[in-house]
Amino acid sequence: MVEYVTREELRGYATRMGMVETARVRKAAASRSLAGSTFLSHSSKDDDLVAGAIRVLEDHGAKVYVDEIDPEMPPYTSDKTAELLKTRIRDTSRFVLLASKHSKESKWVPWELGIADGEKGMSKIALFPASDSSYDKAWASWEYLGLYRRIVWGGHQSYNGDIWMVLDEKKNTATELSRWLKGY
C-alpha cells in the first residue's frame, strides 16, 4: 500500500537537517544550473515544508530549483517575474508540485502547473502531496490535480520492498523516484 508524505514528516526531514543545513539546501536550490534540474513549485504558505521536500528529491538524485531566492527574480512580482518563471520551468527537465491544502489558494502555483503542463507534458510532471495524514486524498479531488502522477512512499507490485516512487494511479504503474528524476 502506498502512502502520501505528511506535512509533519516533511517538517521532520527539515528539522533533522538542522538550521544551517536547511539554509544551505535552500540556497543551493535557488542558485544552481537549470539543465537537468527539477523545478519545485510550492505555495509560500508551505515554506516550512520546502527543505524537507528538497531533501527527499535530492536523496534520489535530483538537483532541485526553487524560485524564491533566485537572485534574478525581481523583488516584487510583475510581468518580469512571470516571464522568468516561464523560462525557469522550460529550462528544467522535471516539474514537481508540492501539493497541499494551500496550493489551490496560491495565485502562482496553478499558473506554474499550467505552464509546466504546456511545456513538458504529463510524463515530466509529478505532484508531491503533503497531506495532514498519509491516506488523505482530499487534495486529489481538486479538478485537474487528479490528472497527474504522484510521488509516494510504499510498496508496489512492480518492486520488492517499500520505495519512493512516482505513481500513476489510473494505470496502477510506478517508476522509482530516482529513475523518474533521471528521465527513465
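**View 1. Buried side of helix 3.** Thr81, Ala82, Leu84, Leu85, Arg88 and Ile89 are the buried residues of helix 3 (buried: under 20% relative accessible area, 1.4 Å probe, protein chains only; helix: a DSSP run of H or I of at least four residues, numbered from the N terminus). They lie on the same side of helix 3 because they cover an arc of only 165 degrees around the axis, taken from the directions from the helix axis to the C-beta atoms. An α-helix has 3.6 residues a turn, so residues three or four places apart point the same way. The model is predicted: local features need pLDDT of at least 70, side-chain atom pairs count only at pLDDT 80 or more, and totals for chains, interfaces and linings use all residues. Residues are numbered from 1 along each chain as its sequence is written, and side-chain values use heavy atoms, without hydrogens and water.

**View 2. Cover and opposite face of helix 3.** Strand 3 (38-41), strand 4 (64-65), strand 5 (94-99) and helix 4 (109-120) are among the elements covering the buried residues of helix 3 (strand: a DSSP run of E of at least two residues; contact: heavy atoms within 4.5 Å). Asp79 and Lys80, both exposed, sit on the face turned away from the buried side (exposed: over 50%).

**View 3. Start of helix 3.** A side-chain oxygen of Ser78 comes within 3.2 Å of the backbone nitrogen of Lys80.

**View 4. Surroundings of Leu49.** Leu49 belongs to helix 2 (residues 47-58) and counts as buried because its relative accessibility is 0%. Beyond neighbours within four places in sequence, Leu49 contacts Arg7, Leu10, Arg11, Leu98 and Ala130.

Terms used: Polar contact = N/O pair within 3.5 Å; in protein donor to acceptor, adjacent residues only side chain to side chain.
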